[in-house]
Amino acid sequence: MKVLANDGVSQSGIDALTKGGYEVITTTVAQEQLINYINENNITVLLVRSATTVRKDLIDACPGLKIIGRGGVGMDNIDVEYAREKGLSVINTPAASSHSVAELVFGHFYGLSRYLHNSNRDMPLEGDSNFKGLKKAYAKGTELKGKTLGVLGFGRIGQATAKVALGVGMKVIAFDPFLENANLELDFFDGQKVNFNIKTISKEDVLKQSDFITLHVPAQKDYVIDEAEFNMMKDGVIIANAARGGVLNEVALVKAIENGKVGRAALDVFEKEPKPEMQLLMNPALSLTPHTGAATNEAQDRIGTELAAQIISILG
């Protein structure tokens, strides 16, 4: 049987599938040519990440497909329920990339707290001519230790991010409409473990109390953070969105930065991906990455092997 990994898959995943008797094709087929390619090449399994969409037209037109797999968590680029109604298995890897996203969020938080995103731009340009000026400009950094992190969405990724925060010495508060509390176990290098029980609180309380806020929610109809939510926050709050474009109102974010409500912010995802608004790209208060939250070698290895295991389990 043939597996088309249209958005790529790790070598560990390819090896596991090959060992299981599957032929893995890693050709990237253009969206408009995908139906014909699947049918002409007798593809049984289609693996995607975020670039390829799998909608009703493709599902209807490709009767030979048995499995649709998403390398990662969110499956908003797949018509999941429709596919399952048609008898297809739809799989993903919800836990594989959690820690990678958490580390990216904290990479942004550390950078924003010490103005590294600005300093790394300015030092090559002015480091030799305006060293003292730059030193003065970026000499009002802040520490994360002792601050309060608010987590909106306390699923796997939200909890993984909370674990990093606890290791840093932050206080963690969280909101999740589907979860009352979570037990977080921190594992250390010498075998020690520490447990924290985090009880979720209201969204309003999280917004009011947090020094840092991170979003880990699925794509949804309305903004999770809009103008009203910004107005509830502490002045100078630092925010990160590594969840989905469209859960945070980017126009309202820019306005909140301009009026001082938001000190700085990090965006890994965008409403108009893959062409973010220029006002975001040029804003000096923003630290930006091109949707790379799950893009670590370790996470991709886990994603590949988890997908392979699920495929082999379903098809034998």
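Biologist: How do the residues lining the second largest pocket divide into nonpolar, polar and charged?

Modeller: This is a predicted model, in which local features need pLDDT of at least 70 and side-chain atom pairs 80 or more, while totals for linings use all residues. Residues are numbered from 1 along each chain, and side-chain values use heavy atoms, without hydrogens and water. A pocket is an open set of points on a 1 Å grid where a 1.4 Å probe fits, with protein on both sides within 12 Å along at least five of seven lines, and lining residues have an atom within 4 Å of a point. With Asp, Glu, Lys and Arg as charged, Ala, Val, Leu, Ile, Met, Phe, Trp, Tyr, Cys and Pro as nonpolar and the others as polar, the lining divides into nine nonpolar, five polar and six charged.

Biologist: Which element gives the most to the lining of the largest pocket?

Modeller: That lining has 45 residues, with Val73, Gly74, Ile157, Ala243 and Arg244 nearest the pocket's centre. Helices H8 (156-168) and H13 (297-315), DSSP runs of H or I with at least four residues, each give two or more residues. The most, four residues, comes from H8.

Biologist: Is Leu248 buried or exposed?

Modeller: Leu248 sits in the loop between strand E11 (237-241), a DSSP run of E with at least two residues, and helix H11 (250-258). Beyond four places in sequence, its contacts (heavy atoms within 4.5 Å) include Leu215, Tyr223, Phe230 and Glu271. Because its relative accessible area is 2%, against a cut-off of under 20% (1.4 Å probe, protein chains only), Leu248 is buried.

Conventions:
Buried < 20%, exposed > 50% of the residue type's maximum accessible area, 1.4 Å probe, protein only.
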